[in-house]
Amino acid sequence: MRVAIIGAGAAGLSSARHAIANGHECDVLELAPQLGGTWVYTDEVGTDRYGYPIYSAMYQGLRTNLPKEVMGYPDFPIPEQEKSYLTQAEILNFLNLYADNFNLRPHIKFNHHVMDVRPVECNKWLITSINKPTKEEIKDVYDAVMICNGHYNEPTTPDLPGQELFRGRQNHSHQYRSPESYMGQRVLVIGAGPSGLDLALHISAVASYVVLSHHLKEQIEYPSNVIQKPDVRRIRGGEEIEFVDGSCCRFDSILYCTGYKYSFPFLHESCGITVSENHIEPLYKHMIYTDRPTMCFIGIPFNVCAFQMFDLQARYFIKGLGGRLLPSSDMMRVHMENDMQARWARGYTKRQAHLMGPDQKAYYDDLASDADLETIPNVIVKLRDESVKKLYNNLLYFRENRYKILDENNFVQVH
Ligand SMILES: Cc1cc2nc3c(=O)[nH]c(=O)nc-3n(C[C@H](O)[C@H](O)[C@H](O)COP(=O)(O)OP(=O)(O)OC[C@H]3O[C@@H](n4cnc5c(N)ncnc54)[C@H](O)[C@@H]3O)c2cc1C
Ligand SMILES: *[C@@H]1O[C@H](CO)[C@@H](O)[C@H](O)[C@H]1NC(C)=O
């Protein structure tokens, strides 16, 4: 079959690898001039030299928030070295090593921006892309499409009452590159996901003070010029901001670390995929389009062992392409409805439709047993859980920890 893969990040690369290994002919369409997606750092923000939006949210000085023992692919681990928490450049190198090891580069069409995807007869797909340097429009028909366009690209920002009154700078973490522009400033960082936690720390090194506004139950340990406050109530004036506990504080800049939303601007409405409040429908097992199972989305679930899961999902989809693995579209819909009902009943909100966290091991095991594939070992999930706990309990020092995997179930901390 001819398989199109949209995106050459960690998900697209592992999709290409498995598509090729199973004898499919594959094109990877990638809008950037290089592979690696999120892990590519660029000073540029806004638009690139061809007038297209800059994709990556990567910033200077980023070190991973998961140990390399968790971040490799199942049968292609990150090579052994002195530390567990790697730099952006080291992960990017690893992805290049992966691509070269499986000879993926000849399949990647760089600088190709996918503009439109729509179904044509027999569950095939017509894909239109633009070759950015030449502006040439390319239309091609594929038997299957794997959507690997990432989801840290389309920022969400809250509507704060009085927002228009604020005279300082307001940016989203997607635009953040380095702390210099916050030198000596009074900075409000909103949101305590991985980015907010990390950027409050980076910026505190140069800022006069940083207020981190969040609604976590626990307080995070920070240097003394980082103050934690609850949610913002409203912006009162040019620089004054009031919090829900009634306290007020003055700021020169606001940095929104308020996350992202799923976005598939290239999917024509005739594809029949909808996204509402971050719930993508209708997907079987959070990845396969029930109505036309020659389309899949790799990497939608979050709070997961990302590269490991991409690889498992890719193997699942490729196996489904060839054979009798997938049930009928009607049965896939029923399965999806039941799965989502069970999730709502367990307390997941609509925004958490694809959150895995405590359910991730069951998700991996289900994919694996369904398609007779090797699952993701327990030790990987356990080590991830341990690392996430340390991120919150020991933000300042957890990246100095070193781990070693002993077997399928056990790891040790060696430093
Ligand atoms: C700042 C930051 C830090 C992170 N840190 C960690 C970490 O420490 N550990 C961890 O496991 N995960 C981390 N993540 C999550 C990270 O996103 C995943 O690890 C993983 O890199 C996602 O891979 P992906 O292939 O799904 O998406 P991406 O890496 O985003 O790749 C998507 C690719 O698709 C391309 N693309 C998009 N739209 C189009 C189009 N229309 N046409 C053609 N190409 C297109 C993009 O150019 C990009 O190359 C972090 C994310 C961010 C933003
Ligand atoms: C940050 O926001 C300001 C407006 O508040 C804008 O002028 C500036 O370009 C933004 N910075 C970046 C890096 O995008």
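In the classification applied here, Ala, Val, Leu, Ile, Met, Phe, Trp, Tyr, Cys and Pro count as nonpolar, Asp, Glu, Lys and Arg as charged, and the others, Gly among them, as polar. The structure is a predicted model, in which local features need pLDDT of at least 70 and side-chain atom pairs count only at pLDDT 80 or more, while totals for chains, interfaces and linings use all residues. Residues are numbered from 1 along each chain as its sequence is written, chains are lettered from A and ligands numbered from 1 in the order in which they are written, and side-chain values use heavy atoms, with hydrogens and water left out.

Ligand 1 is surrounded by 28 residues (a heavy atom within 4 Å), which divide into 16 nonpolar, 11 polar and one charged. The closest are E30, T38, W39, Y55 and N65. A backbone N or O atom of T38 lies 2.8 Å from an oxygen atom of ligand 1, and for N65 the corresponding distance to an oxygen atom is also 2.8 Å. At V114, a backbone N or O atom lies 2.9 Å from a nitrogen atom of the ligand. Taken alone, ligand 1 exposes 980 Å² (Shrake-Rupley method, 1.4 Å probe), of which the protein buries 92%.

Around ligand 2 lie V45, R169, Q170, N171 and Q175, comprising one nonpolar, three polar and one charged residues. A polar side-chain atom of N171 lies 2.5 Å from an oxygen atom of ligand 2, whereas a backbone N or O atom of Q170 lies 3.2 Å from an oxygen atom of this ligand. Ligand 2 alone exposes 360 Å², and the protein buries 48% of that.

Terms used
A polar contact is a pair of N or O atoms within 3.5 Å; within protein, one must be able to donate a hydrogen and the other to accept it, and residues adjacent in sequence count only if both atoms are side-chain atoms.
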